Amino acid sequence: MSEHSISVTVNGTQHELTVEPRTLLVSALRDELGYTGANVGCETGRCGACTVRENGETIKSCTRLAVQADGAEIETVEGLADDGDLSALQERFQEHHGLQCGYCTPGMLMSADTFLRENDDPSREEIREAIEGNLCRCTGYQNIVDAIEATADQLGEQR
Ligand code: FES
Ligand code: FES
């Protein structure tokens, strides 16, 4: 099968790689580049476990071919922590028990982080809408919403 050379920037680091036309972005991130934070759940765009940011917008990386991301800026959950220090959102997830098995967590964090960039004072309903594309089979969502709300409150106090 023919292969394509692509260039993607992931969490600020540029990578050149060769992929088959059928390679999914999530597979290229995990298997070729070692960014294993994005998880593969359904591979059909439903669960959100593979959520990353592409050029500032959240996408489900199982619905993108790697070749479509040529030239893109990708951000994964690995980019949220700053030199090992968890982000405020990650800390609040920990504090409010916003995860159990953790499988949904990377995607959940990326959706919530993107949402909070644009919504500094969200209602709980808005938070629930923001994560409606991310399924969690463990937590019942309550603690996740608590964690995101607490992050918004903290960021609001810092402004
Ligand atoms: S693995 Fe991508 S949405 Fe489920
Ligand atoms: S913590 Fe297990 S799926 Fe969400």
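Does Tyr141 count as buried, partly exposed or exposed, and at what relative accessibility? At 24% relative accessibility, Tyr141 counts as partly exposed, where buried means under 20% relative accessible area, exposed over 50% and partly exposed in between (1.4 Å probe, protein chains only). The structure is a predicted model, in which local features need pLDDT of at least 70 and side-chain atom pairs count only at pLDDT 80 or more, while totals for chains, interfaces and linings use all residues. Residues are numbered from 1 along each chain as its sequence is written, chains are lettered from A and ligands numbered from 1 in the order in which they are written, and side-chain values use heavy atoms, with hydrogens and water left out.

Tyr141 lies in the loop between α4 (124-130) and α5 (142-158); helices (H or I, at least four residues) and strands (E, at least two) are DSSP runs numbered from the N terminus. Although Tyr141 is not a glycine, it has a positive phi of about 75 degrees. His97, also not a glycine, has a positive phi of about 55 degrees. This residue sits in the loop between α2 and α3 and, at 55% relative accessibility, counts as exposed.

Helix α2 (residues 88-95) and helix α3 (residues 105-118) meet at an angle of about 125 degrees, their axes 10 Å apart. That makes α2 oblique to α3. Here, axes are lines fitted to C-alpha atoms, for helices over the stretch in contact, and angles run from 0 to 180 degrees between N-to-C directions; those under 35 degrees count as roughly parallel, over 145 as roughly antiparallel, 65 to 115 as roughly perpendicular and the rest as oblique. On the α2 side, Leu89, Gln90 and Phe93 meet α3 residues including Met108, Leu109 and Leu116, contact being heavy atoms within 4.5 Å.

Turning to the strands, β3 (residues 51-54) is covered on both faces, with Thr51 and Arg53 buried on one side and Val52 and Glu54 buried on the other. Strand β3 pairs in the antiparallel sense with β4 (residues 57-60) over four bridges, and two bridges join β3 to β5 (residues 73-75), again antiparallel; strands pair if DSSP finds at least two bridges between them. Glu54 stands opposite Glu57 in β4 and opposite Ile74 in β5. Two residues separate the strands in the β3 and β4 hairpin, where Asn55 takes a positive phi near 50 degrees.
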